Amino acid sequence: METKDYSKYFMPNMQDARKRINRYTNVYKFTLDEEYKKLGQNRFYYIKTYGCQGNNADSEKIAGILEAMGYQETAEIEKANVLLLNTCAIRENAEMRVFGELGRLKGLKVKNKDLLIGVCGCMPQEENVVKTLYEKFPYVDLVFGTHNIHKLPQYLRDAYFSQDRVIEVYSQEGDIVEEIPMKREHQVKAWVNIMYGCDEFCTYCIVPYTRGKERSRRPEDIISEVKELIDLGYQEVTLLGQNVNAYGKDFVDIEYTFADLLADLNKLPISRIRFTTSHPRDLDDRTIEVMSRGGNIMPHLHLPVQSGSNTVLKRMNRKYTKEEYVEKVKKLKQAVPGISITTDIIVGFPGETNEDFEKTLELVKECEFEGAFTFIFSPREGTPASRYEDSTPMEEKKKRLYRLNEIVNEGYLKGNKRFEGEVVEVLVEGKSDKNPNLLTGYTPHNKLVNFIGDEFLIGKIVKVKIDKAFTWHLRGKIVS
Ligand code: SAH
Ligand code: SF4
Ligand code: F3S
């Protein structure tokens, strides 16, 4: 491939992204200059979001900025004047899906001359991805990363008025930008970022490179956001961070941890508080104590374990042992009776032996997980594990995943079965996608429930008696 001169663009760099130099985080306030407020008039936008809830929350900000600029949302991709793919880099298949989608979008450009296609999110934080976009997808007009969403108005203006493509990705450690308008996806439950970035550097994971250093939002900003949501009628908030238990560790002027935040939010009149993701090493006794107070803190915890083998955990740089993990699970079960615990597991990590894998299966049974996201290890360029020797054939890894999923699914069913005959509180989110005659929502333990009910119940918490448990959902009848 011919070498291109990228010097005129702001390109990402994984080496720089690894650095953690500035302890201090700048906090800016978003403002929108007058000149941008009419750019979106009579124009429509369409955003496709991949990846984690962090990306969903970012898409809500992107939509908020676009609407402040006068753009309107459209559900028809053909109608869009701005089409953005907010991407995920966590595994190779996530990236392949995005490239596949981009291939399909090419035709739209022929039909609609005013269309701008943009790629943002975690994938552009990788230099190789930006080069591929530049060289193989000449119809992508706009590329930006996770650190500069707030500059979207400028990028759109440049894309309309300059002949060149707009490519700007920062690898810096990251700032915090407050007061970005948000167009929220749901009216009942909301995502609230409490921190950004990750400093854990698990050896398989690309997130610390794509999202920058760990940085916490100020408590007063989070609390006032939750209060606003309460005023708007929201019933549930999910606090977001790659490692919420590290919240506050970066404050240089105050002592305020995740447990403090949770305790403060526990006093607010919002029905439900959830949070994700927790890191087993950083989940501390104080947090478990605050969780034991119950109230609006929901009895469900997603606590990714990744593997049941200490050798593998060490090579993953997870910084806890299987025994320490099991101990925390025990504490949680004592402190919050009936708590539902779910997890993430990677199979086929480089060097994982059959014995290591058996230990993972044992752990799943021991902890009685009520759900798990399971993945085959995917080497991410630039991460240490992508250079580890890996002699296990893919066929074997697939077999392991299959065996694991069988046990995980038993856990799902068992976790649901314990509610058969019980009356549970369901926060009604809407109509079921599969059957519009059914309403759907979640219980405090995060179990999906389908039941017959009137549309006016959407947004309310109702009592439902569970008739039958299935692997993926519960079915019941409303009792009040
Ligand atoms: N911060 C969260 C979530 C990270 S991404 C945490 O620490 O758990 C979600 C999950 O994707 C991870 O928990 C892990 O199980 C999986 N994952 C991350 N990188 C991966 C990789 N390279 N290959 C396969 N699975 C991966
Ligand atoms: Fe990735 Fe580990 Fe950070 Fe989670 S804690 S985002 S798995 S590096
Ligand atoms: Fe994917 Fe980025 Fe989230 S890599 S999982 S979208 S932080």
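## Four domains

The protein is divided into four parts: domain 1 (30–168), domain 2 (192–297), domain 3 (299–418) and domain 4 (423–478). What you are looking at is a predicted model, so please read every distance and angle below as a value computed from that model.

Let's begin with how domain 1 and domain 2 meet. Their centres, taken over C-alpha atoms, are 28 Å apart. Across the boundary, 14 residues of domain 1 are in contact with 13 residues of domain 2.

## Ligand 1

The shell is made up of 15 residues, and the closest are Y204, Q242, Q306, D344 and S378. Sorted by class, the shell holds seven nonpolar, four polar and four charged residues. Two strands also take part: strand 15 (340–347) and strand 16 (372–376) each supply at least two residues of this shell.

A polar backbone atom of Y204 is 3.0 Å from a nitrogen atom of ligand 1. Q242 brings a polar side-chain atom to 2.8 Å from a nitrogen atom of the ligand. In the side chain of D344, an N or O atom is 2.6 Å from an oxygen atom of ligand 1. As for cover, ligand 1 on its own has 530 Å² of accessible area, and the protein covers 90% of that.

Around ligand 3 you will find C52, N55, C88, A89, I90, C122, V207, R211 and Q242. By class, this shell has six nonpolar residues, two polar ones and one charged one. Which domains supply the shell around ligand 3? At least three residues come from each of domain 1 (30–168) and domain 2 (192–297).

K151 sits in the loop between strand 6 (142–144) and helix 5 (152–161). Is K151 buried or exposed? Its relative accessibility is 18%, so K151 counts as buried, the cut-off for that class being under 20%. Its side chain makes a polar contact of 2.6 Å with the side chain of Y170. Setting aside neighbours within four places in sequence, K151 is in contact with E168 and Y170.

I223 belongs to helix 7 (residues 219–231) and also counts as buried, at 18% relative accessibility. Beyond its neighbours within four places in sequence, I223 contacts Y256, L261, D264, L265 and L268. V192 is 31 residues away from I223 along the chain, and the C-alpha atoms of the two are separated by 9.9 Å. Over in the loop between strand 17 (423–431) and strand 18 (438–442) is S432, which counts as buried at 12% relative accessibility. A polar atom of the S432 side chain lies 3.2 Å from the backbone nitrogen of K434. Not counting residues up to four places away in sequence, S432 touches L438, L439, T440 and N450.

## Backbone details in loops

Some backbone angles deserve a look as well. The peptide bond from T276 to T277 is cis, with omega near 10 degrees. T277 lies in the loop between strand 13 (272–276) and helix 9 (285–292).

N42 is not a glycine, although it has a positive phi of about 60 degrees. N42 is placed in the loop between strand 1 (27–29) and strand 2 (44–49) and is exposed, with a relative accessible area of 69%. K319, another residue other than glycine, has a positive phi near 65 degrees. The loop that holds K319 runs between helix 10 (310–315) and helix 11 (322–335), and K319 is partly exposed at 35% relative accessible area.

Technical notes
Residues numbered from 1 in each chain as written. Chains lettered and ligands numbered in written order. Predicted model: local features only at pLDDT ≥ 70, side-chain atom pairs only at ≥ 80, totals over all residues. Heavy atoms only, no water. Near = heavy atom within 4 Å. Nonpolar A, V, L, I, M, F, W, Y, C, P; charged D, E, K, R; others polar. Domains from an automatic or database assignment. Polar contact = N/O pair within 3.5 Å; in protein donor to acceptor, adjacent residues only side chain to side chain. Areas by Shrake-Rupley, 256 points an atom, 1.4 Å probe, with all protein chains shown as cover. Helix = DSSP H or I, 4+ residues; strand = E, 2+ residues; numbered from the N terminus. Buried < 20%, exposed > 50% of the residue type's maximum accessible area, 1.4 Å probe, protein only. Contact = heavy atoms within 4.5 Å.
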